[in-house]
Amino acid sequence: MKPDNLKTRIFLDSGNPEETREILELLGFLDGQTTNPSLIAKNPEAQKRLELGDKFSAEEVNDFYKDVIEKIETIIPEGSLSIEVYADKDTLVEDILTQARQMNTWSDNAYIKLPIIQSGLEAAEVLTKEGVRVNMTLCFSQQQAAAVYSATAGARADSVYLSPFVGRLDDKGINGMSLIKNIHNLYKNSDKHVSILSASIRSLDHLLASIAYGADIVTVPGKILRQWAEAGMPVPDESYKYSAELEDIEYEDLDMQSDWKNFNIQHNLTDAGLQKFADDWNSLVK
Ligand code: G3P
């Protein structure tokens, strides 16, 4: 059962419906699930096909992703489901829009994941006006968080997720949890159309700190949720301290009413992450 004092929503970060079933059983609740091209490439059925040298056609891989989403939906019919478009640095806005509108028909609870790059933000601006919910992914800076807020201004409460990738900042010696704190502070007087979804969770410490630092949602690999369950599903308060010795990111006071094009959305980790998602997806296709 969900602990009474837990305000943060808990999502599973996985492309495997079998894991959805297992984690739901283990925790007794699950608020949603996030997927991405790398996680779909790791799906055991997809892996089996690759081992047999039987790669997917472009159409088959799309159908495979849709099937995974439909299977997850039958297990958590009320759960939020994040589905990611294919994008690399050259993908056109029109192409992102076509994919997003299509994927949005796969589930009533869909949030379409778009990268925080120029074309992704342009697409987000259009899609949120159409009422499509989005999950803006590969966030590594407050400037990007402000741009997302501004590009999607006017959207309904909780209809936009912002996904800061804490583990990938930690990998570079930078405290990813300090970005969650800073964005939480930046958004403190917001109209709540954007929810903070703490992502790239690599440890129980990341999960607990995300809860303590006020993330609205945290998406967590099955392995870490098993550790949380084993520890009795603790819910820390604001006094919880993230223990890693890493360099904190300094807080920037930004005016989120400013046009999103005024923010610096470039980040090397976003570029690298985009490339990795594209490579993992392409590894599945003939
Ligand atoms: O939720 C985003 C996540 O899947 C990325 O995690 O561990 O590859 O940085 P990671």
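How many cavities of 30 Å³ or more does the structure hold? The structure holds one. The model is a predicted one.

## The cavity

The largest cavity contains about 50 Å³ of space. Its lining is made up of Pro37, Glu84, Val85, Tyr86, Ala87, Pro115, Leu274, Phe277 and Ala278. By class, eight of these lining residues are nonpolar and one is charged. None is polar.

Which element gives the most to the lining of the largest cavity? Helix 12 does, with three residues.

## The largest pocket

The largest pocket has a volume of about 490 Å³. Its lining has 27 residues. Those nearest the pocket's centre are Asp13, Asn36, Leu39, Lys42 and Arg168.

Three elements each supply at least two lining residues: helix 2 (37-42), strand 5 (134-139) and helix 12 (268-282). Helix 2 has the largest share, with three residues. Now take the lining of the largest pocket by class.

## The ligand

Where does the ligand sit? The ligand is in the largest pocket. Around the ligand are Asp13, Asn36, Phe165, Arg168, Ala199, Ser200, Arg202 and Thr219. The shell around the ligand has three charged, three polar and two nonpolar residues.

For Arg168, an N or O atom of the side chain is 2.7 Å from a ligand oxygen. For Ser200, the distance between a side-chain N or O atom and a ligand oxygen is 2.7 Å. For Asn36, a polar side-chain atom lies 3.1 Å from an oxygen atom of the ligand. On its own, the ligand has 310 Å² of accessible area, and the protein covers 81% of it.

## The second largest pocket

What is the volume of the second largest pocket? The value is about 260 Å³. This pocket is lined by 15 residues. Ala58, Asn62, Tyr86, Gln99 and Trp281 lie nearest its centre. Two or more lining residues come from each of helix 4 (58-75), helix 5 (93-103) and helix 12.

Its lining has nine nonpolar residues, five polar residues and one charged residue.

Some names turn up in more than one place. Tyr86 lines the largest cavity, and Tyr86 is also one of the residues nearest the centre of the second largest pocket. Helix 12 gives three residues to the lining of the largest cavity. Helix 12 also supplies at least two residues to the lining of the largest pocket, and two or more to that of the second largest pocket.

Key: Residues numbered from 1 in each chain as written. Predicted model: local features only at pLDDT ≥ 70, side-chain atom pairs only at ≥ 80, totals over all residues. Heavy atoms only, no water. 1 Å grid on protein atoms, 1.4 Å probe; cavity = no way out; pocket = protein on both sides within 12 Å on 5 of 7 lines; lining within 4 Å. Points joined across faces, edges and corners; volume = space filled by probe spheres on them. Helix = DSSP H or I, 4+ residues; strand = E, 2+ residues; numbered from the N terminus. Nonpolar A, V, L, I, M, F, W, Y, C, P; charged D, E, K, R; others polar. Near = heavy atom within 4 Å. Polar contact = N/O pair within 3.5 Å; in protein donor to acceptor, adjacent residues only side chain to side chain. Areas by Shrake-Rupley, 256 points an atom, 1.4 Å probe, with all protein chains shown as cover. Sits in = over half its atoms within 2 Å of the grid points.
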